Amino acid sequence: MNHSVSALEFQGKQVDAKEFLRPILFGLEEEDLEGLAQAAVQRYYESGEVIIREGDEGDAVYFIVDGSVEVVKEYDDGTERFLHTSGPGEPFGEMALLQEGGRTATVRAVEPLTVLEIERDPFLGVLGRSPSLSVRILVRLTGRLKDSDQQAIEDLSQANEELRKALRRLERLDRTKTDFIQVSAHELRTPVAALLGYAQMMQQNGKVQADPQLQMLAEGVVTSTKRLHRVFNSILDVSRLMTGGLQVIRNPLNVSTIFEAIQSEFGEALERRRLTLELVGLDQLPPCSGDPDLIYKVFYHLVNNAIKYTPDGGQISVIGRTSEAEDLVECIEVVVEDTGIGIAPQDIHLIFEKFYRTGEVALHSSGTTKFKGGGAGLGLAIAHGIVVAHGGEIWAESPGYDEETCPGSKFVVRLPRFVSPE
Ligand code: ADP
């Protein structure tokens, strides 16, 4: 609510607009001053009332006669940032008139306020005739912009500092979690290893071998225990990678040898799932520089995933070639490609995070080489950590996720070539 001249009787004071504006707009021709005074309407606002709303069309400029205003920016989430206050003799609202755009901030009375309101046309007309007044207004606005830039920089660096603190806190929490997981996996692995030993002894026992049902039960215990053992080993691998406790031995290494072992590891699963594993160009690759046990794990997890996420009867191709990384270090490149369900674009980077699994976790079945068989979500985190520890690169490519059309996925691993010491 605002009140024009007649309501000023409420304040009991009628301002002489011309004499009020004279010192503020000094240097104006008497005629222009007279014109502005005639165009001016005196208005009164109560404390808390909004005079200008950010985004509204700007059609007037205001000169504070009495009281003060605060100028704020409003954000979508309902919060606002204070810009500055203005008091008697100061104008506001001129920016939108000069820009011929919407109001750039909200102006609110912080105490009972009296202003002179002058409409756009008379004000701009006078400005056009008075270069010195235009320059003064521009200087004032530039000062405001500088202040608000400064304020924005301070706000940004404060927000940055808070983000940095939050990140440090999260890193500490993540370390605590990794430490806890590492200790638990360590503690649990020993009894599981013992359990596996006993279960395997049970399998050898004559009475068990003579009874098909006992044999089946013993086999179930062995399979599940092996699976548990593998999960604990993977967890320990990840935590070693996270804590930098991984020892990398750099020897000349032929990737084709690694794939001989991988082929025999997954031979039975490939046959059962009627999947073809095709190896192309691996035996022509020069040796890379790597730790055989660790590089084995990288390709173990990639081929295991290709098996898991490709429907029965599909094809897995492993292609070897030489390439140059961006920093021009000579590399070997091994691409593991499948005809499986593919990966959605929003997951393609996240899958390398530890414990990250796409889709409905409850729907994962539990066999490691079954179609969409369950895993702990660690394989790619381990592969990534190992490749990076070797100074290499790993990434995934896929046209998208679709269980019907099976667009397939491609995992590219780059490892530096072995260079013999001079
Ligand atoms: P998991 O134990 O769940 O397989 P990984 O770290 O090996 O964990 O993989 C993380 C996620 O990446 C998987 O849950 C799966 O959704 C996706 N993924 C990995 N490899 C493939 C692939 N070849 N095809 C489709 N999705 C894949």
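This report describes a strand sheet and the aromatic contacts of the structure above.

The model is predicted: local features need pLDDT of at least 70, side-chain atom pairs count only at pLDDT 80 or more, and totals for chains, interfaces and linings use all residues. Residues are numbered from 1 along each chain as its sequence is written, and side-chain values use heavy atoms, without hydrogens and water.

Four strands form an open sheet in the order β1-β8-β3-β6, with antiparallel pairing. Strands are DSSP runs of E with at least two residues, numbered from the N terminus, and two of them pair if DSSP finds at least two bridges between them. The edge strands, β1 (41-45) and β6 (91-92), each pair on one side only. Strand β3 (residues 60-66) meets β6 over two antiparallel bridges, and Tyr62 stands opposite Phe92 in β6.

The whole structure holds six aromatic pairs. Rings of Phe, Tyr and Trp (its six-membered ring) pair if their centres lie within 6.5 Å; planes under 30 degrees apart count as stacked, over 60 as edge-to-face and the rest as tilted. Two of the pairs are tabulated.

| Pair | Centre distance | Plane angle | Class |
|---|---|---|---|
| Tyr62 and Phe92 | 5.0 Å | 10 degrees | stacked |
| Phe352 and Phe411 | 6.2 Å | 70 degrees | edge-to-face |

Tyr62 lies in β3 and Phe92 in β6, so their pair ties together parts that are 30 residues apart in sequence. Tyr62 has 6% relative accessibility and counts as buried, as does Phe92 at 4%; buried means under 20% relative accessible area with a 1.4 Å probe, protein chains only. Phe352 and Phe411 are both buried as well.

Key
Buried < 20%, exposed > 50% of the residue type's maximum accessible area, 1.4 Å probe, protein only.
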